[in-house]
Amino acid sequence: MKQRILSGIQPSGQLHLGNYFGMMSRMIRYQEENDLFCFIVNYHALTTVQERDRLRRNTIEAACDFLALGLDPSRATFWVQGDVPQVTELTWILSNVTSLGLLERATSYKDKIAKGITPNVGLFSYPILMAADILCFGAHRVPVGKDQKQHLEITRDIALRFNHIFGDTLVVPEPDIDQQTQLVPGIDGQKMSKSYHNTIPIFIDDKELKKRVFSIVTDSTPIEEPKDKNTPLFHIYSLFLTDTERQELARRFDTPGLRYGDVKKELYERIRAFITPYREKREEYLRHEDDVRDILAEGARKAREVAQQYLDRVRTVTGLNY
Ligand code: ADP
Ligand code: TRP
């Protein structure tokens, strides 16, 4: 039997290289040999994006990004989370087997509070909705970046607790985190994230791309000294290189004489060459938004069928079906 692989992405801003390498490109690769479930998590984005036009725009653009980059709706099930309300019902059910302490320990929640966000209940119970996203489809494997590791652990805890109380019902999923791409740094050296204003978006124009690449922080090591490889510039550039090319870049960093400006120029060209073929496809999808909505509607129809089956099992074992 094919493995069911599932993951989601928030439409909370422009998708960036961290999203691409941490999750999107791996999902696109997995669609070849697996039963792939991929969705845009607009219920989750509502915890922080509370402007109608922005949420709508981000949702459709995230869908166009994914499709342009190669997600194939004839192989994968691709939909928008809010079109499958079964997940919200499962969220309520799961919230009754989730301890407060488990949520209070969530670092993503604590980080957002530390950044000055006034928390709403949605933000606090975010991990239960994410657990429902995964458990409502019986996913075996969930490709994510490192920042989502704890959320996956919470999902596993909730599934095990549910199974302990009501009998073996839910599939306990495994996280799928890739060593090399699990934490792509932003241009300031922190984790690249839509909420930190430090991203290199996948789809931006050349001028803005150049500006972002040239803003990647570097240190003040003199030209005649070797350079530190544990830096955002080396790390981001490495994402685009083969093993041999990466070794060559490492050698150049170790050798006196390297100028950061030269490396940035090369990196800019590299990213541009990489993204150019996808830009035209994205424009094409954006010109035909209604076709994209049809694709998502068909995906949602398939997703609802699967979700309803899992939800029925849950309703039966809990006694909600009477
Ligand atoms: P963001 O933090 O930019 O809002 P999301 O929370 O929507 O991104 O993340 C979508 C997916 O991309 C998740 O699987 C997440 O782990 C992954 N991801 C996000 N940022 C990075 C990063 N800097 N490096 C690797 N993976 C990332
Ligand atoms: N919380 C995830 C993030 O911010 C997005 C997400 C929601 C998700 N539901 C999911 C990821 C289910 C994987 C599986 O990146």
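A backbone N or O atom of Val184 lies 2.8 Å from a nitrogen atom of ligand 1. The model is predicted, with local features needing pLDDT of at least 70 and side-chain atom pairs pLDDT 80 or more, while totals for chains, interfaces and linings use all residues. Residues are numbered from 1 along each chain as written, chains are lettered from A and ligands numbered from 1 in written order, and side-chain values use heavy atoms, without hydrogens and water.

**Exercise 1.** Identify further polar contacts (pairs of N or O atoms within 3.5 Å) of ligand 1, and state how far the protein covers this ligand.

*Solution.* 
1. The side chain of His16 places an N or O atom 2.7 Å from an oxygen atom of ligand 1.
2. A polar backbone atom of Met192 is 2.9 Å from a nitrogen atom of the ligand.
3. On its own, ligand 1 has 540 Å² of accessible area (Shrake-Rupley method, 1.4 Å probe), of which the protein covers 95%.

**Exercise 2.** Describe the shell of residues near ligand 1 (a heavy atom within 4 Å).

*Solution.* 
1. The ligand is surrounded by 19 residues, the closest being His16, Gly145, Asp147, Val184 and Lys194.
2. Helix H1 (residues 17–30) supplies the largest share, four residues.

Key
Near = heavy atom within 4 Å. Polar contact = N/O pair within 3.5 Å; in protein donor to acceptor, adjacent residues only side chain to side chain. Helix = DSSP H or I, 4+ residues; strand = E, 2+ residues; numbered from the N terminus.
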